[in-house]
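Subject: Structure for you to look at

Hello,

Here is the structure I said I would pass on. Please open it beside this email and find each residue as you read.

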Amino acid sequence: MQFHDSGYVSGDPRVRPAAPTHRPSSLPGTVDVLIVGAGPAGMTAFAQLAEFPGISTRLIERRPGRLEIGQADGLQARSVETFQAFGFADRLIEEAYRICSMAFWRPDPQRPAEIVRTGLVPDDPSGISEFPHLILNQARVLDYFAESARHSPTRAVPDYGVEFTGLEVTPDGVLVRVRDQGVARTVRARYVLGCDGARSQVREAIGRRLVGQAAMHAWGVMDVLADTDFPDFRTKCAIQSHDGGNILLIPREGGYLTRFYVDLGEVPEDDAGTVRTTPLEQIVARANRILHPYRVEVRNVPWWSVYEVGHRLTDRFDDAESAPRVFITGDACHTHSAKAGQGMNVSIQDGWNIAWKIAHVLDGRARPELLETYSAERQVVARNLIAFDREWSTLMATPAGQMPEPGRLEDFYVKTFEFPAGFMTHYEPSILTAEPVWQHLATGYPIGRRFRSALVHRVSDTTPVHLGHHARADGRWRVYVFADASLPGGGAAHRLGAWLTDDPDSPVRAHEAWFDAKVIYQQHFGEISFHRAPAVFRPRSGPFRLTDWERVHATGEQHDIFTERGISREGAIVVVRPDQYVANVLPLTAHAELAAFFAGVLA
């Protein structure tokens, strides 16, 4: 974390100095961005837009205050990477429950009425991320995003007790009708984000519809404080019984709370929602039948519900194919089961994707055409998610005796791990994502996939640091220059650095504040002279024009990012978007191509 560049900071450095712009305490009549709904997508977008003092952003939520009990709880590693960018991953990890393994239970072949453990699988068998898979109440996740927005230069806080009632898109913006503390009024916004859930009124207002069908299978879900003799009660479990249905058991944060997803079986087509009235006592009794010969004695239930699995998707995630003004995110545009733990995670990425793009347009960094990439990128992700969840939820609902082979559930979990972890998102070529012409120069950084961090050594103080952890959710593009075999002062990397510093065609020279450029040398950190690195990697910041000592890196005895991430010894440029996805890979000599790429994106 870097601070003191503008003078000594004696308080919490996470609380940045307030911007000089005035933020009205009550909801104003005109805003740049109006976010509807304080769920995961809405709060992520809110925290990102709060980083831009020149953009007026307000978030309205019909609840009178913060969410107290959230339904979602699974946090995949990709989300924790995102929390790192927003500055609260470490504290959230400390609070959350960490999933290290998943246990699988099936009927005992000798005593089919009883269950036995048949497998214990590592949660991340391939080591795909340095961040863990976590469980934490959605309400706390929203609290962390709210804190990020509140500590930003804009000091942004949600407007609670304000209900969305309708909107009209006009040539001059979007007229949004709201009920503010019971009083009807209209707010004019340049852009609107509908983050208001599966029954989204914003979606209805722009004429979009969720299309799909229910799987006609019901589950009871309950968070419990309980006493039990089940030995894996604090391990994530998939439990298949002989004839009593299945359970997905997920321990929660705090050491005592546990979530049960209890299979309630097939739902008749004429049920008309009757299954949702299933009493809690019946769900507990069914859980005990499935767990036999073990028992669970429920002492307290903070929250429970009954739901039917459904898979639905909208045809577009915005209001128009060109010049969209209204966007929908999260459950407003895709719904699925909760058992894959994807709802909150995919929603967070929806919110981040559209927020930095809107910020670019409103801040004058990009043309409005950039906003057309949101629906194109995120709808594909949602479609793939629904296909995955349909298979996973079907397997979870299949009785053990009807499985094609006994270990099918375990095999599916291991083979598909990267998808639910959030690492299979792959954006197709567009103005934001280049064709993979030079992909062979950095095979570990596939264009269109998330930038996977790795350890390097900071030359200035020899500290081993994760290269990706320095990238904050500040709206900047990252340009990582992996040097050729030359030492600082010569070679292709030095010539590129000089071009980035001095050439009029250099995007970094033209818009220094929009970029974060770093260099990584192949040699051991002890061989690198910091002051011989090009000036673009030693920028000066703040009113005192102090040197930034944290952008020149090298390898070490135990850490060689070139080998670990398949970087060519000829060197490479890796361009990364503000939301951590790789946008381009180029050779060190491709000065004109780099300028052309950004000319197609930036204004």
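Below is what was found in it, topic by topic. Please keep in mind that this is a predicted model.

Helix packing

Two packed helices are described by the angle between their axes and the distance between the axes. The pair to look at here is helix 7, residues 343-362, and helix 8, residues 373-397. Their axes come within 10 Å and cross at roughly 170 degrees. Angles over 145 degrees count as roughly antiparallel, and helix 7 and helix 8 are therefore roughly antiparallel to each other. On the side of helix 7, the contact is made by Val 346, Gln 349, Asp 350, Asn 353, Ile 354 and Lys 357. Helix 8 contributes Thr 373, Tyr 374, Glu 377, Arg 378, Val 381 and Leu 385. Sorted by class, this contact has five nonpolar, three polar and four charged residues.

With a relative accessible area of 1%, Trp 352 is buried, because buried means under 20%. Leaving aside neighbours within four places in sequence, Trp 352 is in contact with residues from several parts of the numbering, including Thr 44, Gln 48, Arg 78, Phe 86, Ala 473 and Pro 578. As for Val 275, it is 77 residues from Trp 352 in sequence and 36 Å away in space, C-alpha to C-alpha.

The second one is Arg 286, in helix 6 (residues 280-291). Which side chain of opposite charge is nearest to Arg 286? It is Asp 263, 5.0 Å away. A salt bridge needs the nitrogen and oxygen within 4 Å, and Arg 286 is buried yet has no salt bridge.

Salt bridges

How many salt bridges does a search of the whole structure find? The search finds 42.

- Arg 63 and Glu 61, with the closest N and O atoms 3.6 Å apart. Arg 63 is partly exposed at 24% relative accessibility, while Glu 61 is buried at 8%.
- Asp 108 and Arg 111, which meet at 3.2 Å, N to O. Asp 108 is buried, with a relative accessible area of 9%, and Arg 111 is partly exposed at 47%.
- Asp 560 and Arg 569, with the closest N and O atoms 2.8 Å apart. Arg 569 is partly exposed at 39% relative accessibility.

There is also a network of salt bridges that links Asp 474, Arg 476, Arg 478, Asp 516, Lys 518, Asp 548 and Arg 551.

Backbone details

The peptide bond from His 292 to Pro 293 is cis, with omega near 20 degrees. Pro 293 lies in the loop between helix 6 and strand 16 (296-313).

Two residues other than glycine have a positive phi: His 4, near 75 degrees, and Ala 323, near 50 degrees. His 4 sits in the segment before strand 1 (30-36) and is partly exposed, with a relative accessible area of 32%. Ala 323 is in the loop between strand 16 and strand 17 (326-328), and at 54% relative accessibility Ala 323 counts as exposed.

Regards

How values were computed: Residues are numbered from 1 along each chain as its sequence is written. This is a predicted model: local features need pLDDT of at least 70, side-chain atom pairs count only at pLDDT 80 or more; totals for chains, interfaces and linings use all residues. Side-chain values use heavy atoms; hydrogens and water are left out. Axes are lines fitted to C-alpha atoms, for helices over the stretch in contact, and angles run from 0 to 180 degrees between N-to-C directions. Helices (H or I, at least four residues) and strands (E, at least two) are DSSP runs, numbered from the N terminus. Angles under 35 degrees count as roughly parallel, over 145 as roughly antiparallel, 65 to 115 as roughly perpendicular and the rest as oblique. Contact means heavy atoms within 4.5 Å. Ala, Val, Leu, Ile, Met, Phe, Trp, Tyr, Cys and Pro count as nonpolar, Asp, Glu, Lys and Arg as charged, and the others, Gly among them, as polar. Buried means under 20% relative accessible area, exposed over 50%, partly exposed in between (1.4 Å probe, protein chains only). Lys and Arg count as positive and Asp and Glu as negative; His and the chain ends are not counted.
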